[in-house]
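Hi everyone, thanks for coming. Let me put the model up and walk you through a few packed helices.

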Amino acid sequence: MADRSIKMKSSVEQCSSSESEQNSLDIDSKHFQPQSYVENLTKGFSLKQLMETESMLGKDITSLDSEMQTLVYENYNKFILATETIKQMTSDFKQMETGMSNLMARMENLSSFSLEINSRLQPKRESVARISETHSLLKKLQHLYDLPTKLKTALTKKNLSQAVELYLRSRIVLEQYREMPAFQGIDSDCMATLGELKEEIRKNFDMEDATIEVISESASLLLKLNENPDELRLLFLQSGGKCLSIEIAELSKEVEVWQKSNENDTNVLDLLAFIDLGSNTVITNLGLIVTSYKNLFKECCSPSESEKTLINFTMALVKNYFDVLEKRYGLDCPKAGKREENVSVLVRSLDKLYNKLQTLGQTLPDVDFGRASTDLISKVARSLCDRLLEDLKMSFESSLNLLREAIATSSLQGEDGTTSPTYIPSLVSQILNAVNQDVKNVLSTLEPFLDQSITFINMPYFYIPFCLQDVHEGTIVKYLSHISGRCEEFLDNNESDAKNASVDLLLVLSRMCFDASSSTVQHLLNYTTEQFRVRPSGTNVTPTATITATFRKASLNLLNQYVASEGDNMITLMEKSIENRNWMDYPEPRSARPAVKRIVEVIGKIDAKVGSVFEDGSRNDRGSDSSRLSYFGSVARQTRGLSQTSASSHVDRSLMSNIQKLFSEKVDLTAPVDFTKVSVVTAIVKNLLKAMLESVRVITIDRHGLHQFQVDCHFLHSYLWRFVNDESLVSTMLDDVMHSALNRCIDPSILSPSAVESISERVA
Amino acid sequence: MKGFAPARAITSQANDTEKVQFFVGTLSLKALNHIYVLDYDEDSNTVGKKVYSFKNGEVWGLKSPHFDQELLAVIFNSVEDSSNSLKAGVFRIPNSEFPSIPIAENSGCVETVSLFDTHKIGKNVRSLEWHPTNGSEAVMAVDANLIIWSMATSSPTIKTQLNVDSSPDCQINVCRWNPHHQCSQVATAFQSSIQSWDIRSMKEIWHIEDAHRKSVRALDFNPNKQYCLASGGNDGNIKYWDTRNVRKPVLVQTAHSHWIWDIAYNCYHDQLMLSSGSDSKVVLSSSLSVSSEMKNPSDSEGETDQTESKEIRQDDVIQIYEEHEDSVYSIAWSNADPWIFASVSYDGRVVLGHVPRSIKYEILL
């Protein structure tokens, strides 16, 4: 104790030494030192301050004094009270001590009595125990004797599970004492009943309306009765399968009802209800079978064997179920079958199905139900895409018909040929818009497949193939190639379509394909990619370039066909006007022939029409005057050649014409047409002049006929040069015509250029 | 080879199968016209030329009969004051003893055997053909009329006559005798349609509307295979038809960029088709799939890939001959050598061509 107080003191001192400086002046502190405080006061304060401090201290002291006094009084009172209480307690305790010793003595008495009683009762207790043992044995025996009857009653009451319980309880005993004669009777009785019992239970399996619960209970009962588990296993599955088959058959009846129904039939289950029904009956019960099978047979059979049987069983049933579903989804007869129109309902139903199967899959992890159901979903999606493709094709066909009608009516009205310059472009944009809109509609129809909340969407082996193969390839690309193919059908003039196709239609379609190849195809494919967020890649995907190339080709073919068809009518006009006429007795020419004027007029209209569809394109402009002069020059040369050589000297003349040919460019009839107005019109003009040449060669003309050709050629030249990309082309071809005309003339003489010009201008 | 006058008719001498011989006629309104006889000597690879003057007018068509190598049916343009018409006659080439010489020299004058009396029927003789086997008959198209002539007498007499179309402007472009069915059928082409006639009853057997765009200009029957007709026209396509079902052509080949004026089956190997047109081209094409040498599918099953390799090139253009500079209106296969043909263009140039060696071996082996 002394040690500790010293330690405490020193610790206080240690601590105070650091703080003593400041605290020595604080009057409330432990370390207050009056000496230094007074010194401090006297040093630092003025007399007045000192006086104030003094009086304040004096006040403090008196107040403290009075407080202390009150405290002392209060505590004194309490102390007196406590002392009294203690005195009271001491006297009470003395009384209690005597009471306690009394109690102790009595308790000892009690314990000795109790021991005595215990020893006296010991023998009796043993005999009671013996008796009760015998009793229970007797009871058991009684039970055993009663067993056959009880079993029978239970059996007759159809209380099968109770019967089994009864038997099981006594089975061990029976088996143990089977040899004893007393028990043999019971045993054989039991066995007989048991046989009946088993029969009865087995009947459950064959019952028509047995539920899965009944079956699985029966199976478990039989299992308890030590039936052969392998046999039971098969029996169980067989019976369960039967049960499910009935349900599937019912579903398929529903499907038949649905197939026969029409739109407004109300007693038909809609798709969602149908799937619910299927899920709640077939799939749920299948799940039940699987779980009970596993519970029942997991111990008693070799696991691999039993698992295999179960998987086969499940697969077969799921397949049957899917067969029914496929019918319901209209996959069995893709053309005529009825289908679900609402895509979002379709998707939701598929999702339900998928989720249900996923849960079933959890009970049987070895079977990939996801895969199987995804296959079904893919099939449904593909058939949907096929249908949409058909719709698209139909829609395109109707747009085509609209287009043809529009062209037909306009050609009826516009007899004067003055179609407005925006007319054909408006038709082009109309049909392209229709195509665009149709594709977008289809993609928006497919939107439910994009819903992220749909579980199967996230399956990679569904979504990517769906987007690429079904939507991108199967629908959009196929549609586009259908369009280009359909357009090309207008080329083959053995198709009835082509015969009825007007030339304007060819022009519109050509422009449409041209636009498609340059922008629309790219746009639509990009749009598809955006919508479905899967970038087309891989070898199965048609590259955009291939499709645009097809359109480009179709467009060019159509344009060539247009050139040919548009030219044909004029060629016929030209041919007829030349060939069906007697040129041997021709009057002197007064103007260009009406057919020629008509042709120039028509070409002007064609030029305007094509100009409204395609850009002008570049002309090889060499100045109109010089070119016209060069044409005259050529005719003049011919004239000179004619006048210089004698008429009979045909050798020289044809030689000369051959030499002349060496210098003039050969006109290439096969020059490819491109998508410009000039190129198109040039091609038409070339065909026309070539036809004129061929026609001239099969007639025989006199000098006035030749003059007429001079006038016609001049007329044609002065009007046609402006439409073609190279004026020299018109000159060359007209020169050829004039050469042939000269050749076919029996008495050639040439009009002077000025005369030709004046006759020709008489008309203009 | 180059002639100086324009020409649009060539034919192969059809009687002597030893000589590769062609007849060409010139076209001149002002000067005297000539018929050239061209003999090709394969050993020396030279062409002998004999020239006979032809006084009746321009030569528009030539047909050599199969029974006489000196006879020649000619369509000519006769100009009589202020009118002209296409007429026809049978002429004899004088059998000159002196050998043909490379430089043209007048070897004599063509003798008139008989003239067809056509001026009552129509203005222009458009097409003419000898009966394929019987020398005493010929078929002719005059404007829109089809006439079978009996040639037995000294001057031809009309055996049967038929007006194909009553419209005034109608002109038959070409008529061809069908060598099958006992030669009882004749096909005609006018405008864009082809018609076939039974010449015994003069009834239509079948017709093809819109066979070619606007005009059908050439017809030829497959000499070795029944029901097989080829046609060419303004669309530059050769079309092969099965006459039992004429709704659609069996095969279409785009051969020319302008009108086709003449087509000819090779008589020995009918998968070879020759065509010419106003694009100045002569085109040799193969049409194995519609030829008589096409194997039956059942036969080819047993055979190996040899046939397959052949099939690859079956319906192709084999070769384009571009030696001409003007429209080629007439072509002819040689009757003696199945691999040689001749064509004549408007500028008077005659080109002898031959089937490429590789094709020849392919067909023969």
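Let's begin with helix 22 of chain A, residues 727–743, keeping in mind that this is a predicted model.

What does it pack against? One partner is helix 21 of chain A, residues 703–720: the two axes come within 10 Å and cross at roughly 175 degrees. Since angles over 145 degrees count as roughly antiparallel, that is how helix 21 of chain A and helix 22 of chain A are arranged. From helix 21 of chain A, the contact residues include Leu706(A), Phe709(A) and Cys713(A), and they face a set in helix 22 of chain A that includes Val730(A), Leu734(A) and Met738(A). By class, this contact has 11 nonpolar, 3 polar and 1 charged residues.

Now to another neighbour of helix 21 of chain A. Helix 17 of chain A, residues 594–613, packs with helix 21 of chain A at an angle of about 10 degrees, the axes being 10 Å apart. Helix 17 of chain A is therefore roughly parallel to helix 21 of chain A, and their crossing is right-handed. Here Val596(A), Lys597(A), Val600(A) and Ile603(A) of helix 17 of chain A meet Asp712(A), Phe715(A), Leu716(A), Tyr719(A) and Leu720(A) of helix 21 of chain A. That contact divides into 7 nonpolar, no polar and 2 charged residues.

Conventions:
Residues numbered from 1 in each chain as written. Chains lettered and ligands numbered in written order. Predicted model: local features only at pLDDT ≥ 70, side-chain atom pairs only at ≥ 80, totals over all residues. Heavy atoms only, no water. Helix = DSSP H or I, 4+ residues; strand = E, 2+ residues; numbered from the N terminus. Expected span 1.5 Å × (residues − 1). Axes fitted to C-alpha atoms, helices over the stretch in contact; angles between N-to-C directions. Parallel < 35°, antiparallel > 145°, perpendicular 65-115°, else oblique. Contact = heavy atoms within 4.5 Å. Nonpolar A, V, L, I, M, F, W, Y, C, P; charged D, E, K, R; others polar. Left-handed = near helix turned anticlockwise from the far one by under 90°.
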